[in-house]
Amino acid sequence: MLLKRTNIHDKLLREQHRATSEAGVLNWVNQFIKKTPSSNQRILENLSKNIEADVTDFNFDLLDSERIFHESSIKKICVNYRLRFLDTRFFKGTFPQEALNEIKNLEKEHQTPLNGFKIMAPSKMFVLNKTDDPLLFAPMGNDYYYLIHKWGNDLHPLRKLTMWPFKSFENIIVAILLSSLIATALIPDGLFAPEQSFSQDVMVFFFMFKSISAIVLFYGFALGKNFNTAIWKCQYDKAQ
C-alpha cells in the first residue's frame with residue numbers, strides 16, 4: 001500500500017498537544033494523589049459491566065503524560081474519523097490478553113482498582129467482531145481519560161477523507177455539490193442538443209444535484225444514519 005495507515009494514538013497526541021500544553025495537563029493531574037487482587041475474571045467483569053467511576057486514584061509520579069487525553073481531543077478525533085467513544089459494555093469485540101495485563105500492571109503500580117472503562121473504535125466494532133484499532137481508556141475525572149492499551153490494525157489512510165462528508169450537515173451539502181459538478185462534467189457535450197448551451201449545463205447540474213441528494217436522503221433516513229458529531233458517544237445502532 002502506497003499510503004501509510006492511520007495510527008489513531010498518534011492523531012490523539014497531536015490533537016492533545018494542539019489543545020493544551022503538556023505542563024497544563026500534568027498540573028491538573030497533580031490533584032490525584034486500596035489494594036485489591038487483580039485477575040482476568042474480575043477485569044473482564046468490570047469491562048462487561050462497566051462499573052461507573054468518575055475518578056481513578058492514579059499515582060501522579062507514575063503517569064505517562066502522552067497517555068492522558070481530554071474529552072475534547074477524543075471528540076475531535078472521533079468526529080474526523082467517524083469513531084465512537086463508548087462504555088466497554090457495548091464493545092462486541094474481544095479484549096486481548098495484552099490489554100488485560102496492562103490493566104493489571106496499572107492496578108499494581110498505582111495500587112487502585114480500575115473501572116469505568118471507555119473504548120474508542122469504529123461503529124462496526126460495537127456491532128461486529130472486527131479488529132480495527134480499538135483504544136481502551138480509564139476515566140481520570142474532569143473529562144480526562146488515561147489510555148490503557150491500543151491493539152488491532154491502524155485505520156485506512158483515506159478514512160478521514162472518506163468520512164469527511166459525514167461530519168456535519170454543511171459537509172454533506174458541499175460533498176453533494178462537488179459530486180454534482182463532477183457528474184455534470186462527465187456528461188458528454190451534445191447528448192441533449194447538437195450544441196449544448198450554458199443554460200442546459202445548469203439544468204443538467206440541477207438534475208444531478210437532485211438525484212444525488214435523493215440517494216443520500218434515502219441512504220441516510222432508511223438506514224438510520226447520522227452525522228459524526230451526533231454519533232461519537234451514541235450507543236444506538238440506528239445512529240451508526
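## Terms and basis of the model

Two strands are said to pair if DSSP finds at least two bridges between them, and the helices (H or I, at least four residues) and strands (E, at least two) are themselves DSSP runs, numbered from the N terminus. The model is predicted, and local features need pLDDT of at least 70, side-chain atom pairs count only at pLDDT 80 or more, while totals for chains, interfaces and linings use all residues. Residues are numbered from 1 along each chain as its sequence is written, and side-chain values use heavy atoms, with hydrogens and water left out.

Five strands form an open sheet in the order 1-5-4-3-2, with antiparallel pairing. Strand 1 (68–70) and strand 2 (83–87) are the edge strands, each pairing on one side only. From one strand to the next the twist averages 35°, where axes are lines fitted to C-alpha atoms, for helices over the stretch in contact, and angles run from 0 to 180 degrees between N-to-C directions. Strands of a sheet pair through backbone hydrogen bonds, either parallel or antiparallel.

Strand 2 is joined by five bridges to strand 3 (residues 118–122), the two running antiparallel, and Phe85 stands opposite Met120 of strand 3. Met120 in turn has Leu135 of strand 4 as its bridge partner, and three bridges join strand 3 to strand 4, again antiparallel. Ile119 stands opposite Leu136 in strand 4, while the bridge partner of Leu136 in strand 5 is His149. Six bridges join strand 4 to strand 5, which run antiparallel, and in the hairpin of these strands, which has two residues between them, Asn142 takes a positive phi near 55°.

## Enclosed strands and a helix across the sheet

All seven of the seven residues of strand 4 are buried (under 20% relative accessible area, with exposed meaning over 50% and partly exposed in between, for a 1.4 Å probe and protein chains only), so strand 4 is largely enclosed by the rest of the structure. Leu135, Phe137, Pro139 and Gly141 point one way from strand 4, whereas Leu136, Ala138 and Met140 point the other way. Strand 3 is likewise largely enclosed by the rest of the structure, because five of its five residues are buried.

Helix 5 (residues 97–110) lies across strand 4 (135–141) and strand 5 (144–150), and runs at about 130° to strand 5.

Helix 4 is followed by Arg82, which has a positive phi of about 50° although it is not a glycine. Arg82 is placed in the loop between helix 4 (71–81) and strand 2, and it is buried, with a relative accessible area of 8%.

Gln111, which is not a glycine either, has a positive phi of about 55° and is found in the loop between helix 5 and strand 3. Gln111 is partly exposed, with a relative accessible area of 43%. Most residues other than glycine have a negative phi, and most peptide bonds are trans.

Asn228 is found in helix 9 (residues 228–231) and counts as buried at 0% relative accessibility. Leaving aside its neighbours within four places in sequence, Asn228 is in contact (heavy atoms within 4.5 Å) with Val79, Arg82, Met163, Phe166 and Lys167.

## Nonpolar cores

A nonpolar core is a set of buried Ala, Val, Leu, Ile, Met, Phe, Trp, Tyr and Cys residues joined through side-chain atoms within 4.5 Å. The largest such core has 25 residues, and those with the most contacts inside it are Leu136 and Ile148. Helix 5, strand 3, strand 4 and strand 5 each supply at least two residues of this core, and helix 5 gives the most, with four residues. Apart from it lies another core, of 17 residues, among them Ile77, Tyr81, Phe85 and Leu147.
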